Amino acid sequence: MTAQTGTETGRSNQKRRTRTAIVEAARALVETGAEVTMPAVARAALVSEATAYRYFPDLPSLIGEALAGVWPPPAEALRPVADSPDPVERVAYACEFLLRGVLARQGSVRAMMAATITHPETAATRPGIRFGLIDQALLPLEDTLGESDPEAFAQLKRDLAVVVSAEAVFTLTDLCALGPDEAVASAVRTARTLTRAALD
């Protein structure tokens with residue numbers, strides 16, 4: 001190994017360590033539920049804010065990587081209702097699972113939402129967790145409603161995407177002044193109603 005190769009390897013390892021430190025700092029902040037900002041992540045990672053931005057051009061890309069692996073896959077998340085053929089029960093469970101997870105990590109979720117509202121081109125970096133959960137919850141309907149009325153099935157998924165969402169729970173807590181448990185219960189009730197109506 002030449003001296004130059006050794007230097008390049010050392011730099012490469014240092015870059016990897018720095019990136020890992022930034023992601024781990026962001027993940028730790030996410031898990032506290034506190035607000036996640038680039039300056040806060042940089043401080044926690046013991047790097048400058050400029051360094052953090054060299055590795056991640058914007059907050060959504062950093063939060064997206066920090067959240068990778070934090071949420072379980074949809075099938076694992078819905079394991080407690082895996083044997084239930086009732087889409088209403090399954091949707092209710094999926095809704096509560098998502099909203100409680102959002103509330104536990106609301107600092108990062110709010111930061112991600114704010115960033116993608118002001119920069120819509122970054123919206124694709126938002127995790128689409130709700131869609132996987134909705135698809136998994138509605139598996140019992142794929143061979144029934146999905147076959148007999150594909151448009152109604154697609155519309156149900158769109159309707160649920162509005163309710164099984166961070167936007168819904170923050171509307172209920174921030175604008176309707178509900179407590180967290182009340183907000184979750186309200187959204188779950190709506191998700192149940194939508195699903196039941198689609199089956200009638």
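**Note on the predicted model: a loop residue, the core and the cysteines**

1. L178 lies in the loop between α11 (166–175) and α12 (180–199); helices (H or I, at least four residues) and strands (E, at least two) are DSSP runs numbered from the N terminus. This is a predicted model, in which local features need pLDDT of at least 70 and side-chain atom pairs count only at pLDDT 80 or more, while totals for chains, interfaces and linings use all residues. Residues are numbered from 1 along each chain as its sequence is written, and side-chain values use heavy atoms, with hydrogens and water left out.

2. With a relative accessible area of 26%, L178 is partly exposed (buried is under 20%, exposed over 50%, partly exposed in between; 1.4 Å probe, protein chains only). Leaving out residues up to four places away in sequence, L178 touches L172, T173, A183 and S186 (contact: heavy atoms within 4.5 Å).

3. The largest nonpolar core has 56 residues; such a core is a set of buried Ala, Val, Leu, Ile, Met, Phe, Trp, Tyr and Cys residues joined through side-chain atoms within 4.5 Å. Helix α6 (residues 87–104) supplies the largest share of this core, 8 residues. Among the residues with the most contacts inside the core are V102 and F170. Neighbours within four places in sequence aside, V102 is in contact with W71, V109, A166, V169 and F170.

4. The disulfide count is 0 (a disulfide is a pair of cysteine sulfur atoms within 2.5 Å). The sulfur of C95 is 15 Å from the closest cysteine sulfur, in C176, which is too far for a bond. C95 is buried, at 0% relative accessibility, whereas C176 is partly exposed, at 44% relative accessible area.
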